Amino acid sequence: MNTHPSPDLISRYATGDTDVDEATLWAMEAHLETCADCRDHVTAAIDPGTQDLLARVAEGVSAGIATGPAPAGPRRRLRRTGVAARVLPWLATAGLLIGAAVIFERLFPEMPSLVLLLAPVVPLLPVAAAWSRRTDPAWELVASMPRTGLQLLLRRTLSVLAAVIPALALAAWGTGHSPALWLLPCLAFTAGTLALGGLFGIDRAAIGLTIAWSAAVVVPSMVTARLPALLSGGSWPVWAVLTALLVGLVLVRGADHRRFGAGKG
Ligand SMILES: [Zn+2]
């Protein structure tokens, strides 16, 4: 409603006429929020008895606010604690896996590197846990905030990577692997999870990629006792290009996350 509502409509609105359709009511209320003149017209159109009642209610509410307890502060800490409590067990699991991979590598130096084989998928489940609609009790609250979507997803993902990457770096340093062979696959798979997550939900994308990588690469490598070519020295440019493409895709398709929030989960 760009122009002011007619005096007739204002008086029907003020007297609670039930014949006014919903769309007109919405437009009317949206207009009233921005137009002081029309608010005055509505006030004038309300009958004196109701005006009296409204004045008394307003007085009561003001008195209640003045004497009541101070409003609770923002509940940021609580929500953060909720996310942390959900993610920490998964981060601990990731840490244990990395530790076990290092021990395995020390004990069986002739076997393919478990540190390199696990690096791509180690951050995926903590990322899924940080962003699962199913396990987030504050989901509805988060979904209604303007920061929901890509920005919040990236922040939570970076927090997970900030914990996982140093652990992987330590493991790779201890076992003598080049950073390009664990860091780039790790980033590529994380970006792949976010990209696919926009379509299927982050948790499904993370679980799907973890299973696919384990079945297609980890198990065959262990069975044949050979590290695949894609985790050997010459493969890093492929991983670099793939990572750049997937990060670009995530940023371009940011609207997917805005639309689904954490995914359809
Ligand atoms: Zn107006």
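## Helices α1 and α3

The crossing of α1 and α3 is right-handed. This is a predicted model. Helix α1 covers residues 7-14 and helix α3 covers residues 36-45. The two pack at an angle of about 55 degrees. Their axes lie 8 Å apart.

On the α1 side, the contact is made by Pro-7, Ile-10, Ser-11, Tyr-13 and Ala-14. They meet Cys-38, His-41, Val-42 and Ala-45 in α3. By residue class, the contact of α1 with α3 holds 7 nonpolar and 2 polar residues, with no charged ones.

## Overall fold

The protein has 13 helices and 0 strands. Along the sequence, the pattern reads α-α-α-α-α-α-α-α-α-α-α-α-α.

Of the 265 residues in the protein, 28% are buried.

## The largest nonpolar core

The largest nonpolar core has 46 residues. Val-115, Leu-118, Val-122 and Leu-168 touch the most other members. Seven elements are listed as supplying at least two residues each: α5 (76-107), α6 (114-118), α7 (124-130), α9 (150-175), α10 (179-200), α11 (202-224) and α12 (236-252). Helix α10 gives the largest share of this core, 11 residues. In soluble globular proteins, nonpolar side chains tend to be buried together.

Leu-118 is one of the core residues that touch the most other members. Setting aside residues up to four places away in sequence, Leu-118 touches Leu-97, Ile-98 and Ala-101.

## Helices α10 and α12

Helices α10 and α12 pack at an angle of about 25 degrees. Their axes are 8 Å apart. The angle is under 35 degrees, so α10 and α12 are roughly parallel to each other. The crossing of α10 past α12 is left-handed.

From α10, the contact takes in Ala-180, Leu-181, Leu-184, Pro-185, Leu-187, Ala-188, Ala-191, Gly-192, Leu-194 and Ala-195. From α12 come Trp-236, Trp-239, Ala-240, Leu-242, Thr-243, Leu-246, Val-247, Leu-249 and Val-250. The residues of this contact divide into 17 nonpolar and 2 polar, with no charged residue.

## Leu-88 in α5

Leu-88 lies in helix α5. Its C-beta atom has 13 others within 10 Å. A residue with 20 or more would be buried, and one with 12 or fewer exposed; Leu-88 is therefore partly exposed.

Leu-88 and Ala-130 are 42 residues apart along the chain. Their C-alpha atoms are separated by 9.3 Å.

## Ala-225 in a loop

Ala-225 lies in the loop between α11 and α12. It has a positive phi of about 60 degrees, although it is not a glycine.

Ala-225 has 10 other C-beta atoms within 10 Å. The cut-off for an exposed residue is 12 or fewer, so Ala-225 counts as exposed.

Definitions and conventions:
Residues are numbered from 1 along each chain as its sequence is written. This is a predicted model: local features need pLDDT of at least 70, side-chain atom pairs count only at pLDDT 80 or more; totals for chains, interfaces and linings use all residues. Helices (H or I, at least four residues) and strands (E, at least two) are DSSP runs, numbered from the N terminus. Axes are lines fitted to C-alpha atoms, for helices over the stretch in contact, and angles run from 0 to 180 degrees between N-to-C directions. A crossing is left-handed if the near helix is turned anticlockwise from the far one by less than a right angle, and right-handed if clockwise. Two residues are in contact if their C-beta atoms, placed from the backbone, lie within 7 Å. Ala, Val, Leu, Ile, Met, Phe, Trp, Tyr, Cys and Pro count as nonpolar, Asp, Glu, Lys and Arg as charged, and the others, Gly among them, as polar. A nonpolar core is a set of buried Ala, Val, Leu, Ile, Met, Phe, Trp, Tyr and Cys residues joined through C-beta atoms within 7 Å. Angles under 35 degrees count as roughly parallel, over 145 as roughly antiparallel, 65 to 115 as roughly perpendicular and the rest as oblique.
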